[in-house]
Amino acid sequence: MHEGRTGAVIEARNLTIRRGSRVIYDDVSIAFDSGVTAILGPNGAGKTTLLEALLTPPRAGNATIRFVGARVDDSDSFRAFLAGVGYMPQDWTYFSGFTARESVEYAAWLKGARGSSVRSVASAALDSVDLTAFAHVKVRRLSGGLKQRVGLAEAFVNDPRAVLLDEPTVGLDPAQRASYRRFLRGHATDRAVVISTHLTDDVEAIADRVVVIAAGRIIFDGAPAELAAHGTRTEGTASALEAGYLSVVGANAPAQGRL
Amino acid sequence: MRALTLLARRSVAPIAGLAIAGIDVWLASLAMTPGMRLWADVVTGLTSAALPTGTLAAGIAAFEANRWSNANRDRTMVGVREPVLVRAQHAAAVALPVLAGYLLALGILGVIAALTGTYGSPAVLWLASLGAGLLLATAVGYWAGSAFGAHWFVAPVGALTFVVGYVAATVGLPVFGMRALFPAGAAMDSVFTRTVDLTFLGKSACWLGLTVILVVTSRGSRRPGTARRVPTIVVLVAGLTAVTGGVVVIAENGQVTAAYNSRDFVCENDGFTLCLNRGYAVAMQPLHAAFAALNSRVDGTPLAAARLEQNVEGIGDLPARGARSVYVERLSSPSDIEFAVERYVKKYGAAPHCGVESIGVPAVDYVDTWLSGADYFSDGSPEPARLSALKRLSASEGNAWFRAHASAYFSCSLTLADLP
Amino acid sequence: MIGIRLFARTRRWLANVVIALATGILMLACGPLGYGVNPRGGYLVELTAQLPLLPAIAIAASSAASARVQERLAVRNLVAWRLAHVAVLSVIAAVIAGGTTLLLPAPAGLPPHSYAGLGSLALMRNVFALTGAALGGSFVFGPRLGWIVPMGWAILPFLAFTELTDDAPGLATLVLQPDDAFAPMIFALLVWGIGATVAATDPRGARPQKVSPGHGQGVL
């Protein structure tokens, strides 16, 4: 387990989240280093909730959130935290009147860019996701894959130390997914990239580390190969990693109520 | 039915229905004639509430239709069920809670009426037409909400459409019958009227027909390139119903009430007979006392009241042979009783003989004021000395003075010099 | 400057200014038009008094962020920007509404610029009051249903009261109160202040987003 590591880029300790009487997370601690970490888990396991909790330290209850070693517990540290993180939610929204360039420029401005740097950092971000050719097209007119890239450019526009991406490859065609993975792999050397997903082939392709969440607990935390070693491939499973994932989740599933 | 319930539960329409119930009950309670409990007032209040409840229904329906159609349009188009039926089902899921809110209000008001002994009975066709009007308002909003993409302005535009329609109908249409076709409008029900049923039947038919047309023609109700038989037949039938209803309303010139005295009286016979409608019985004691005081001053003259019957002032004011009309509408303060006596004095006293000149005959005015027991100078301005002198007379002195000057009074030749 | 321009576009400034101008034109077109709503009351509701509903609803609707997640995670403190947005558009709408009144001919017997009792001050007050109510309504019911509160305020009291004087403080019937009504003016500014504050500091910006199917959802 990677609990309480002082060198982590982003870290949550003793995270407890409740929705009414339902406990989503009960005293969970987790840390993310540089590299790609994939969070795997069944639907409704709380992957998005975990990302949201990491992104809103003031609302994380009694949990301790650390960012690059510093505790996020006042307005100055929260500001530094916001300046250093990028996020693309599952239901990424945009202003329909904006072009791709304007959308990324607005994100840059929100992240504190000033004057001409707004334009330059937005150009760099668009370039990094191969969107320069579509910079002047309204976002609403872009295809689903290109829209995802605009979201990705927004998440990276402030050159963040930590980037959290919620189901970023859902709905993309194989070529787009490959391009997406290449981008993430290339931008994970000096930053923590955390992707929430339920696609094991994403994990296999780019993740350095995989965390499996189920029923409000971390049930696996290790390298993808270690997860793959947990399972035995049977008919119906696409890969060893998927078999390992199913094995880990199955072993921790409640006796009833799961397919 | 299960799908309908499910759709309704997932919308804000049930909350709107509760709000509509609240507005209806509140405005119906405010419409109550002070001192009285009359069903006619409840109906008046509910009629007034048609503007805000219709506006709310139209706005909420626009919101729900917009939200639903943009999320489900493609799904509906590739579904097995006819889009028009799916659309109608969703429209019903929005309309039913709205209508239920109105019915809830009627239920609450009915219970209150039963507990408080409210007089009369509700005009059923009138209330039914209000329900039909609410459905039309919902359909107008639904149609508008389906017509647009997911824009922020759709819901308020749906609501504003209803308000603008109300204003346009109120100030823009010269023919009253056409104005009455708008599903909200100010109209008063009264104990001394009867409802014109044909108008309400026409309204209900017209509004329900239009409701159906709006729902089946809302965007997304038709699968492109397929037969349109069902909607066409429905539209034709609904259109015919709406036109027939509209023609009836216009033919009736939108008239919803006609003067009518049910003569459902409760009478008190003590020196003279005072008959009040049963719903106004609470006014009997103070009104009888006021007319007894008047009679003590005018006894032996044509102004003395022998049999008084409550009636409606104006058209339909037809008291029984030998009876005179008395008008009382409210009982919130003593001045309401004084006003009833004053109107009696003005109707049966000198004023009709003086014609328009009565205003220029202060002596007659002073006498009428004295007889009414009214105090028109309570605003602090000094009371004329002649009037004060009249008021100082005892009952017997006053009666003696009035009998002596009755002929001058009734011929409108009374002068200030005649006053004590 | 580029950031301000983009922020203003997300708040639909152009559409808001057009709506404010259209409202002014409607006020001129409607003139002394009034309509009765209450069969038990004798007074007419002047349409001009209610027309500020249009810019008020538009301003409140435009105050909702389109790119909510991006704004929630912004380094910039957007409270001041949101407040400025509401303030600037309210002032523009108020100035247009108030200025329009100066162009309305006063009917005989009334002093100039106090046409039907509703002068520039009254209409500017109505803009602020109804905008504040719409912003408060958006906070409570959401930006697409925020119109319920100002519309209720502009219509319901005239069905409840049979005379303007029945509403002694003049707060419920605020939109029809004359220029020199002091309490309604103070109340209008108070309502606007509360509405603008909740719109600028709406904590829901920090609430985890509701998960919905599909990616890349445009907000119109």
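User: What do the numbering and the confidence limits rest on?

Analyst: Residues are numbered from 1 along each chain as its sequence is written, and chains are lettered from A and ligands numbered from 1 in the order in which they are written. The model is predicted, so local features need pLDDT of at least 70 and side-chain atom pairs count only at pLDDT 80 or more, while totals for chains, interfaces and linings use all residues.

User: At what angle do helix α10 and helix α11 of chain B pack?

Analyst: Two packed helices are described by the angle between their axes and the distance between the axes. In chain B, α10 (residues 284-298) and α11 (residues 334-348) pack at about 45°, with axes 10 Å apart. That makes α10(B) oblique to α11(B). Angles under 35 degrees count as roughly parallel, over 145 as roughly antiparallel, 65 to 115 as roughly perpendicular and the rest as oblique. Axes are lines fitted to C-alpha atoms, for helices over the stretch in contact, and angles run from 0 to 180 degrees between N-to-C directions. Helices (H or I, at least four residues) and strands (E, at least two) are DSSP runs, numbered from the N terminus.

User: Which residues of α10(B) and α11(B) meet?

Analyst: From α10(B) come P286(B), L287(B), A290(B), F291(B) and L294(B), and they meet I337(B), A340(B) and V341(B) of α11(B). Two residues are in contact if their C-beta atoms, placed from the backbone, lie within 7 Å. By class, this contact has eight nonpolar, no polar and no charged residues. Here Ala, Val, Leu, Ile, Met, Phe, Trp, Tyr, Cys and Pro count as nonpolar, Asp, Glu, Lys and Arg as charged, and the others, Gly among them, as polar.

User: In what order do the four strands of the open sheet in chain B stand?

Analyst: The order is β3-β4-β5-β6 in chain B, and the pairing is mixed. Two strands pair if DSSP finds at least two bridges between them. β3 (265-269) and β6 (324-326) of chain B stand at the edges, each with a single partner strand, so one side of each has no neighbour in the sheet. On average, neighbouring strands of this sheet are turned by 25° against each other, direction ignored. β5 (residues 307-310) of chain B pairs with β6(B) in the parallel sense over three bridges, and L308(B) has R324(B) as its bridge partner in β6(B). α10(B) lies across β3, β4 (273-277) and β5 of chain B and runs at about 145° to β4(B).

User: How do β1 and β2 of chain A run?

Analyst: In a regular strand the side chains alternate between the two faces of the sheet. β1 (residues 10-19) and β2 (residues 22-32) of chain A run antiparallel and are joined by seven bridges. The bridge partner of A12(A) in β2(A) is I30(A). β1(A) and β2(A) form a hairpin with two residues between them, and G20(A) in the turn has a positive phi of about 65°.

User: How many residues of chain C are in contact with chain B?

Analyst: 22 residues of chain C are in contact with 26 residues of chain B. The largest share, seven residues, comes from α8(C). The residues of chain C on this side divide into 17 nonpolar, three polar and two charged.
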